[in-house]
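Reader: Let us go through this structure feature by feature. Start with one side chain, and give me the rule each time.

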Amino acid sequence: MSPIITINDLLRIFNKLDMNRDGLICLHDLNWLLDKIGVELTMEDLHSFLEKPSLDFNEFLFFYESISKQNKGECKGGVSHVNAREEDIDIVYMAFKVFDMNDDGFISCEELQLVLSRLELWDVNIDCKSMIRAYDTNLDGMLDFEEFKNMMSLTSS
């Protein structure tokens, strides 16, 4: 099974936002995407954080990896340098929070399907219950953060 959001998925998202195919996405489009997945940032916050009017794909990936630090107040006006292990945990936590839409500490089948649909990654042939069941170690039908983290580490290796 592949990870929920892969680098190829991020490239597809980036390309959908890059309407004029110039290899850049503007902050307005990035803000639209964040709003769609439930991350609330004002345009002023986004501009202050990024300090530039648009992002290329590498900068988009870097932004994706670092936004959780900004949300926690650890990063002012840019990305701080941390070791890769801490950054990976922050990325996984950020991804978990995107999927845990009701903030109850669990990802349900419905939440998984809704987020994948919003990101235009949903395929009607995908069985959310099977995706969750594959990593649901306590068999409660949902993924908690530890199960999600294990899934991400297993599928990215």
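Author: Begin with K97, which is partly exposed at a relative accessible area of 31%. The rule: buried means under 20% relative accessible area, exposed over 50%, partly exposed in between (1.4 Å probe, protein chains only). Residues are numbered from 1 along each chain as its sequence is written, and side-chain values use heavy atoms, leaving out hydrogens and water. The model is predicted: local features need pLDDT of at least 70 and side-chain atom pairs count only at pLDDT 80 or more, while totals for chains, interfaces and linings use all residues.

Reader: With which residue does K97 form a salt bridge?

Author: First the idea: a salt bridge puts a side-chain nitrogen of Lys or Arg within 4 Å of a carboxyl oxygen of Asp or Glu. K97 pairs with D103, and their closest N and O atoms are 2.2 Å apart.

Reader: How many salt bridges does a search of the whole structure find?

Author: Three. In one of them, the side chains of E59 and K52 meet at 2.3 Å, N to O. E59 is partly exposed at 24%, and K52 is partly exposed at 28%. Another joins E146 to K149, with the closest N and O atoms 3.3 Å apart.

Reader: Where do E146 and K149 lie?

Author: Helices (H or I, at least four residues) and strands (E, at least two) are DSSP runs, numbered from the N terminus. E146 and K149 both sit in helix α8, three residues apart, about one turn of the helix. E146 is partly exposed at 43%. K149 is partly exposed too, at 25%.

Reader: How many helices and strands does the protein have?

Author: Eight helices and four strands. From the N terminus on, the order is α-β-α-α-β-α-α-β-α-α-β-α.

Reader: Stay with α8. Which residues is F145 in contact with, leaving aside its neighbours within four places in sequence?

Author: Contact means heavy atoms within 4.5 Å. F145 lies in α8, which spans residues 145-156. Beyond those sequence neighbours, F145 touches V92, Y93, F96 and G105. The C-alpha atoms of F145 and I107 are 8.4 Å apart, across 38 residues of chain. Over the protein, take contacts between residues at least 6 apart in sequence: 53% join residues at least 24 apart.

Reader: Which residues of α6 are buried?

Author: C109, E111, L112, V115 and L116. To see how they are arranged, take the directions from the helix axis to the C-beta atoms; the arc is that of these directions. Seen down the axis of α6, the buried residues fall within an arc of 165°, so they line one face of the helix. Just after α6, E120 takes a positive phi of about 60°.

Reader: What about S108: buried or exposed?

Author: Buried, at 14%. S108 is in the loop between β3 (106-107) and α6. Not counting residues up to four places away in sequence, S108 touches I132 and M142.

Reader: How many disulfides are there?

Author: A disulfide is a pair of cysteine sulfur atoms within 2.5 Å. The count is zero. C109 shows why: the closest cysteine sulfur, in C128, is 4.0 Å from its own, too far for a bond. C109 is buried at 14%, while C26 is partly exposed at 31%.

Reader: Last, confidence. Where is it lowest, and where highest?

Author: pLDDT is the predictor's confidence in each residue, from 0 to 100. The lowest is in α5, at a mean of 65, and the highest in β3, at 93. Over residues 68-85 the pLDDT is below 50, yet this stretch has 27 contacts in the model beyond near neighbours in sequence. The protein's mean is 74, and 72% of its residues reach 70 or more.
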